[in-house]
Amino acid sequence: MAEENQDFNHQIIQLIEQKGQELDLKLLPKLQEDYRLHLTCIRNLFNALMNKNLITPDPYKKEKKISKIVVPESSEFSENERSMTLGIRCSDYETMIDFVCNYMRFSVSQLTMDKIRKLLELNNTFLWNSLTENSAKPNTKGLANCIKALRTGAQPIILSLIKDTTHKSAEAITEINEGLKSLAEYQREAYKVDVRRAIFSNPAFNKEKAYSSTPEMILEIRKIYPTCMSSRPFIPELINEIAQEETAPNKEEKQNDLIQKFQPEKDESKAKENQVDVHELLMEGIRILGTLYDQFELCFHKITTNHELLQSEHNSFKDKLLKFIRQLFNLATPDVEYTLIIMDKKTEAKKKEVIKFNEFSIGLAKRARYYASFSVRHSPGYNRISALEENKSLDFLNNQIGDCSRIHTLLGALDEYFKNSVSVVNRPKVKGIKMELTAIKNILVKTNQHRAEYVAYREEQEQMRKLGIADV
């Protein structure tokens, strides 16, 4: 009987390995993008609620150190406590989603069953698909009531923001949850594959006895499990599934079902290789670049706060006199200049660069607004770029990537400048932007990947034309 199952075991091990590679290449990058979209949406929504004093920002947000996923509190709270309690929970939720987006590695080796379970719990902090005031979930009910209050007498732009953020969040979380369930199914089978590998090939495994019945198979696995897989928990439910698939009277049916479940779909990529929509590929790179607007906006607010903090320290008699003279003669306040230390990553050589702060910060804010205009597919800004000739769209993308890389460098240097320049007393008040810088870098890497893929397809098509192959 053991020999009869060798082909099945060999086949299922190969299929699970292929499935893991497929998840790493396709599903998990998509889940990370969905989380990033959701993060942008909830930041916009929560900021709108805070601006209207419907929720109170968590005063201890910056002091919280995050090293793992912690699901926000979900207990009941009174109406009087709503603003403060919900504000803290919204803040915790945003921080956790940010941690997931920027500090968690999306790979099958890292996303274990425990992490998948935690992510699903985190995703259910608010029921985005049923944001109603009658919800049995305190967090969802509280948020729905705040959104209702935000809608009252709101301008069209706020109403549009509410509709857009809640709708996109619901879609993103639905896709994420479906993806995590697929990943959980894979992890279950990957565990069973690991058991098969470690135990069935072990000399101490009595195959003749194990294959005599399902209980004997479970007994044999349990007997040598501690020596073969001491670092992994023994999961009775999955061990029983293995035993059923190896020894049950209907084992062939179970084996075929499992193989069909993980059988890869027919790969039509080769047949469609020459039909890749390169224009769509290029526009997706431009759209991803547009999502930088959220990080640029956050950086703008933080560096402006740091600038004002540093300037508040310049309160000498000379500073007051100069300010009085400018006011007396109605003279414009000169733009403050900062001398930054820039390090060349290739040579590690340091050089000084002077920036005019107002000019730089205003430019950053304008760029954030401009990028927001094409960060969503089929928006007017997106459609304007899409209507350009492809070579012009590519030039646009190349120029923007270059500009953003330079901005990333300057922001990093400016962050260090503020931290080192303010007085020791004010240093704890400086708002760091390391998380935003990491997010900017990740988005630029993703954009570069799309650009490189587009260029590679275009070069391939050009080569095909030169070879006289017209159908490209």
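Reader: Is lysine 115 buried, exposed or partly exposed?
Author: In this predicted model, lysine 115 has a relative accessibility of 33%, so it counts as partly exposed.

Reader: Where is lysine 115 found, and what does its side chain reach?
Author: Lysine 115 is found in helix H3, and its side chain reaches the backbone oxygen of glutamine 110 at a distance of 3.4 Å.

Reader: How far apart are lysine 115 and lysine 68 in space?
Author: Going from C-alpha to C-alpha, lysine 115 and lysine 68 are 9.3 Å apart in space, although 47 residues separate them in sequence.

Reader: And lysine 168, buried or exposed?
Author: Lysine 168 counts as buried, because its relative accessibility is 15% and the cut-off for buried is under 20%.

Reader: Which helix does lysine 168 lie in, and what does it touch?
Author: Lysine 168 lies in helix H5, which covers residues 156-200. If residues up to four places away in sequence are left aside, lysine 168 touches Leu37, Cys41 and Val376.

Reader: Let's move to the nonpolar cores. How many residues does the largest one have?
Author: The largest nonpolar core has 53 residues, and those with the most contacts inside it include Tyr35, Leu49, Trp128 and Leu183. Several helices each supply at least two residues of this core, among them H1 (6-51), H2 (82-103), H4 (138-151) and H5.

Reader: Which helix gives the most to this core?
Author: That is H1, which gives 15 residues to this core.

Reader: You mentioned Leu49; what does leucine 49 touch?
Author: Not counting residues up to four places away in sequence, leucine 49 touches Leu54, Ile55, Leu143, Cys146, Ile147 and Leu150. There is also a second, separate core of 45 residues, which includes Leu310, Leu340, Ile355 and Val422.

Reader: How many aromatic pairs does a search of the whole structure find?
Author: The search finds 20 aromatic pairs. In one of them, tyrosine 370 and tyrosine 371 have ring centres 6.2 Å apart and planes at 50 degrees, so this pair is tilted.

Reader: Are those two tyrosines buried or partly exposed?
Author: Tyrosine 370 counts as partly exposed, at 40% relative accessibility, whereas tyrosine 371 is buried, with a relative accessible area of 0%. Tyrosine 371 also pairs with phenylalanine 374, with ring centres 5.3 Å apart and planes at 55 degrees, so that pair is tilted as well.

Reader: Now the strands: how many bridges join S1 to S2?
Author: Seven bridges join S1 (residues 337-343) to S2 (residues 350-356), and the two strands run antiparallel. Methionine 343 stands opposite lysine 350 in S2. The hairpin has six residues between its strands, and glutamate 348 takes a positive phi near 60 degrees there.

Reader: Last topic: how many disulfides are there?
Author: The count comes to zero disulfides. For cysteine 90, the nearest cysteine sulfur is that of cysteine 146, 7.2 Å away, and with the cut-off for a disulfide at 2.5 Å, cysteine 90 is in no disulfide.

Reader: What about cysteine 404?
Author: Cysteine 404 is in no disulfide either, and its nearest cysteine sulfur, that of cysteine 299, is 11 Å away. Cysteine 404 counts as buried, at 0% relative accessibility, and cysteine 90 counts as buried at 1%.

Key
Residues are numbered from 1 along each chain as its sequence is written. This is a predicted model: local features need pLDDT of at least 70, side-chain atom pairs count only at pLDDT 80 or more; totals for chains, interfaces and linings use all residues. Side-chain values use heavy atoms; hydrogens and water are left out. Helices (H or I, at least four residues) and strands (E, at least two) are DSSP runs, numbered from the N terminus. Buried means under 20% relative accessible area, exposed over 50%, partly exposed in between (1.4 Å probe, protein chains only). Contact means heavy atoms within 4.5 Å. Rings of Phe, Tyr and Trp (its six-membered ring) pair if their centres lie within 6.5 Å; planes under 30 degrees apart count as stacked, over 60 as edge-to-face and the rest as tilted. A nonpolar core is a set of buried Ala, Val, Leu, Ile, Met, Phe, Trp, Tyr and Cys residues joined through side-chain atoms within 4.5 Å. A polar contact is a pair of N or O atoms within 3.5 Å; within protein, one must be able to donate a hydrogen and the other to accept it, and residues adjacent in sequence count only if both atoms are side-chain atoms. Two strands pair if DSSP finds at least two bridges between them.
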